[in-house]
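Morning, everyone. I have one structure to walk through today.

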Amino acid sequence: MKTLELRYVWEWPVRLTHWFNVICIIVLSVTGYYIGDPFVSVSSTSSYVMGWMRFLHFVFAYVFTISWVVRLIWMFVGNQYARFPAFAPWASKAGWKNIARTFCYYTFVKKELPHCVGHNALAAMAYSGVFVLFLIQIMTGFALYGQFQPGGFWDGAFGWLLPIFGNQGLRLTHHIVMWLLIGFAIHHVYSGWLMDVKEKNGVMGSIFGGYKFIDPDED
Amino acid sequence: MMHDPEKSLREGSVSEEILQQWEARGIKRRDFLKFCSVMTASLALPASFMGQIAEAIEADNRPPVIWMEFQGCTGDSEAFLRANQPTAAELILDYLSVDYHETIMAAAGHHAEAAKHKTVDEYKGKYIAIVEGSIPMGADGAYCTVAGDSALNIARKVCGNAAATIAVGSCSSYGGIPAAAPNPTGAVSVSEAVPGATVLNLPGCPLNAENLTAAIVHFLTFGKLPATDRFGRPKFAYGKRIHDNCERRGHFDAGQYAEGFGDAGHRQGWCLYKLGCKGPETFHNCPTVRYNEGTSWPIQAGHGCIGCSEPQFWDTMTPFYRRLPQVPGFGIEATADKLGLGLAAATAVAFGAHGVASALRKGDETDTKVKKED
Ligand code: HEM
Ligand code: HEM
Ligand code: SF4
């Protein structure tokens, strides 16, 4: 029998940006999918379906970008679970042990649970990848967006991507990354649920309230 | 916002003397004024520049022109020569002294070559070089030779000594169709073949003759080539996206799309986005200037834009009738959405299975009692 203690792990900026990201990704995926494949065709020329879809996409794109930047800043000023070393377990020996342990648990090799105060090592690596995917979406998105005004701010900021990857290359990347994020979300919610059930650490609740149940022997 | 030619005449912006000289050459003053005002507008200059333009093309500084054709289809020459009004392209063509142009010159063989060399030597650094078609670098340039010399050597010599080089059409601007994968001849653009040359790209398949005329007028008026974008194209002609000036844009924003050629939506002039239109990816002034003296342009005629004025369009804008390119490494029928949906479904199935296995697995749960932290 283990005695777990309740500990404040996810500070409010981590939780806030998490939920902003979730909402943004849902809206951006729905509107983005419509932009890529306008499956609803309307009969009245006075409608503005694509117009609103694009408007929403761009508004949430800004929100998403701000949220990403805030989370990036928190990587440098947040607590130990939010800082960037937590996202690079491959950089330390303990991290590698953690990776091996989590991997063995997920692949049914061992029954011993990973038990981490912050993210478990595999989750942390997945999040690093996801933060990069977020950045790719932001960069390709604003490069595409900037084309409405060559020489404007966004064109200046990300337009240099166009000669390298080509306009269609950026679009395809932007489109494929949406699917990668959807794939991640499915896996992410599942493993959150799994750990919640097995570790009994309250991980699902933690992203709302910030507290997790921690095994004091673990740190 | 039409510029009124008569008004600028009254204001004296184009001198009476110049008008009379053009009349003596058989060009009506109205037509000449119209030409000047179209050029002023094309170059996005204020109307007050009209007089300056009129003077520039009147001044007796006719730069000789050498027009070279390499790996191309002569479509750009055609576009230029077929201009049907004396007021636009033809006027400038008459005005310039085209010393060499394989399709239209009277001379042939050694005489023609001699004329070309003479111009290069006599007007070093003063003439305008125009290149149509790409330049093959493969097999030491053997794939395209003119009068026993390779396109590469000719381009290096002629463009390298020109005051300015204008690459007309997508082939000379970016390699175009000859440079499409697998590019058997090693075709490249003029700026790649002659890195030191001052090159203005006027891509398009073919280029729009109006833009060439305007570029030349700009050069005559200001003594330099117009400002360009990051692909070496003049901003006055390639500064706006087709999609942002398209006459079907209202249907795009509304959500009205032709689903097939000849269907009800197509016949009503709805947006061609779902038929693979690349207007959202392409910069060109087709919607405003149109082709053949403003007669029409592809989207007006009912076909989506294929992005012909963008670099490597044959490789990057295909498939022409689909919105997105193919995902590299997968078959023709695998669109990004099919693969994505497959990925999402596979993830769900895999984790579903993992979940069932985990639920059946006993003895791995933490046995707990919770203590509140104080
Ligand atoms: C998680 C984030 C995002 C997702 C899932 C997403 C998804 C998509 C998708 C699927 C498309 C359609 C692509 C196509 O088939 O052509 C699209 C288009 C686009 N997205 Fe995003 N996007 C995201 C973030 C952003 C951001 C941050 C921006 C920045 C402004 C942005 C700007 C655009 C633009 C400009 C287009 C093209 C719109 C058009 O052609 O009218 N997106 N997005
Ligand atoms: C019902 C929806 C979701 C729930 C309940 C949820 C829950 C959680 C939980 C519990 C954590 C902490 C995980 C840990 O300790 O290892 C977390 C972190 C994270 N989640 Fe989610 N999540 C949801 C949706 C999403 C979606 C849709 C995305 C993006 C595609 C996402 C991206 C992330 C990222 C990037 C982190 C790392 C957070 C950080 O350190 O800033 N989540 N989530
Ligand atoms: S036809 Fe092409 S360029 Fe015109 S609005 Fe539709 S997608 Fe844009």
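Predicted model: local features only at pLDDT ≥ 70, side-chain atom pairs only at ≥ 80, totals over all residues.

Let's start with ligand 1. Its iron atom is coordinated by A:His57 and A:His174. What is the geometry of the site? It is octahedral: the iron atom has 6 donor atoms, with angles of 86 to 178° among them. Now look at where the two histidines sit. A:His57 is in helix α2 of chain A, residues 49-77, and A:His174 is in helix α7, residues 167-199, so the pair ties together parts that are 117 residues apart in sequence. Are these histidines buried or exposed? Both A:His57 and A:His174 are buried.

On to ligand 2. The space it takes is the largest pocket. There are 21 residues around ligand 2. Which come nearest? Those are A:His18, A:Arg71, A:His119, A:His188 and A:Val203.

The side chain of A:His18 has an N or O atom 2.8 Å from a nitrogen atom of ligand 2. For A:His119, a side-chain N or O atom is 2.9 Å from an oxygen atom of the ligand. A:Tyr127 also has such a side-chain atom, 3.4 Å from an oxygen atom of ligand 2.

Last, the helices. In chain A, α1 (12-36), α4 (121-145), α7 and α8 (203-209) each supply at least two residues of the shell around ligand 2. Which helix gives the most? That is α1(A), with 5 residues.

That's the tour. Questions, please.

Conventions:
Residues numbered from 1 in each chain as written. Chains lettered and ligands numbered in written order. Heavy atoms only, no water. Donors = N, O, S within 2.8 Å, 3.2 Å for Na, K, Ca; no water. Tetrahedral: all angles 85-135°; square planar, octahedral: opposite > 155°, others 65-115°. Helix = DSSP H or I, 4+ residues; strand = E, 2+ residues; numbered from the N terminus. Buried < 20%, exposed > 50% of the residue type's maximum accessible area, 1.4 Å probe, protein only. Near = heavy atom within 4 Å. Polar contact = N/O pair within 3.5 Å; in protein donor to acceptor, adjacent residues only side chain to side chain. 1 Å grid on protein atoms, 1.4 Å probe; cavity = no way out; pocket = protein on both sides within 12 Å on 5 of 7 lines; lining within 4 Å. Sits in = over half its atoms within 2 Å of the grid points.
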